[in-house]
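Please read the points below with the structure in view.

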Amino acid sequence: MVEDRTKELKETQQELVSKAIEAGMAHVASMVLHNIGNAITPINTYMEKVQTNELGKILHYLEKCYDDLQSRDDDLDYYIKEDVRGKQVFSYMADLIRSLADKNEEQLEIFKKIESAIFYISEILSLQQSYSLTEREIREVVYLNSLLEDAVEMQIGTLETSMIIVKKQFEDNLPKFMIDKSKLMQVIVNLIKNSYEAIEAQKNNTKEKVVLIESFVENDSVGFKITDNGIGIEPEKIDKVFEFGKSRKGSTGFGLQYCKMFVESNGGTITLKSNGIGSGATVSVYFDMSRLRHDDSG
Ligand SMILES: Nc1ncnc2c1ncn2[C@@H]1O[C@H](COP(=O)(O)OP(=O)(O)OP(=O)(O)O)[C@@H](O)[C@H]1O
Ligand SMILES: [Mg+2]
């Protein structure tokens, strides 16, 4: 009986682990789509702006001016200098040329914006590719600061739309270490998403919305902290949030459990701290350097 029960428990645990991986994948995939959507919206607006026929109109008037001047080419000098109509046509031409130049500059600006939005979309896609999850654990050399940067980059569309300011305080002398990069990425993405959701959970929030991301080395640990000024959580509820199915918003509530599973399986610790509702929260992740493989290549 005990054996059966243990086997059953093991199977459930296994199932939970694979669900975690699936959830993480779906999560990043939907976030990537969301961010791409956010990047496409301004492109549409820019396209509408460049598609107006203002250039065509300016050109049309310039042609009219040209025709007018040509019809007077026998006494052009008198026409543009002395004739009332001729003087007007001449100065009107100058105006048209100026607005042509302005329009040209404006369009170049818009094209530049479209170009950078497209570049951003391809960045999101290639990031997604390099972090696409594999079932196998692949340890590779990770530089935590770049990973934190990438995680923010992946969600920047969502964060910017909600006018959340991301502050970074990175330790410059962070050792590199070996870990499953894509899974650590999932963890960071999940935690940033939690901060974003905690901020958005505050109704009638008029204060500045801030997420602070820090990296650090402390004694034999390396890690990061994510602090938000969101809704926070009652201290007595904190232990529960690492359990499956504990979600404020009624979703799977899988994020933190996944994070804990990954961090602890790499010999690390993860904690959530908050002084209660309305006081924001900080989640800290520590990895014990002695339990991670280092990268000695420099
Ligand atoms: N930064 C935070 N501030 C306040 N509460 C938080 C924060 N992070 C997590 N929590 C609380 O912990 C709960 C569990 O988080 P978890 O990430 O496991 O699930 P979820 O975010 O609700 O759902 P999912 O991650 O599956 O989309 C949240 O519902 C929320 O109540
Ligand atoms: Mg979550």
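1. An open sheet is built from 5 strands in the order E2-E4-E5-E7-E6, and its pairing is mixed. Strand E2 (164–169) and E6 are the edge strands, each pairing on one side only. From one strand to the next, the twist averages 10°. Strands (E, at least two residues) and helices (H or I, at least four) are DSSP runs, numbered from the N terminus, and two strands pair if DSSP finds at least two bridges between them.

2. The model is predicted: local features need pLDDT of at least 70, side-chain atom pairs count only at pLDDT 80 or more, and totals for chains, interfaces and linings use all residues. Residues are numbered from 1 along each chain as its sequence is written, chains are lettered from A and ligands numbered from 1 in the order in which they are written, and side-chain values use heavy atoms, with hydrogens and water left out.

3. Strand E4 (residues 209–218) pairs with E5 in the antiparallel sense over 8 bridges. Within this pairing, Ser215 has Phe224 in E5 as its bridge partner. H5 packs on the sheet, where it touches E2, E4 and E5, and its direction makes about 170° with that of E4. Helix H7 (residues 255–265) also packs on the sheet, touching E6 and E7, with a direction at about 145° to that of E6.

4. Strand E7 (residues 281–288) is joined to strand E5 (residues 221–228) by antiparallel pairing over 8 bridges; here Val222 stands opposite Phe287 in E7. Strand E6 (residues 268–273) pairs with E7, likewise in the antiparallel sense, over 6 bridges, and Leu272 has Val283 in E7 as its bridge partner.

5. How do H5 and H6 cross? The axes of helix H5 (residues 144–161) and helix H6 (residues 181–200) come within 9 Å and cross at roughly 45°. Axes are lines fitted to C-alpha atoms, for helices over the stretch in contact, and angles run from 0 to 180 degrees between N-to-C directions. H5 and H6 are therefore oblique to each other, since angles under 35 degrees count as roughly parallel, over 145 as roughly antiparallel, 65 to 115 as roughly perpendicular and the rest as oblique.

6. Contact (heavy atoms within 4.5 Å) between these helices involves residues including Leu144, Leu148 and Met154 in H5, and Leu184, Ile188 and Tyr196 in H6.
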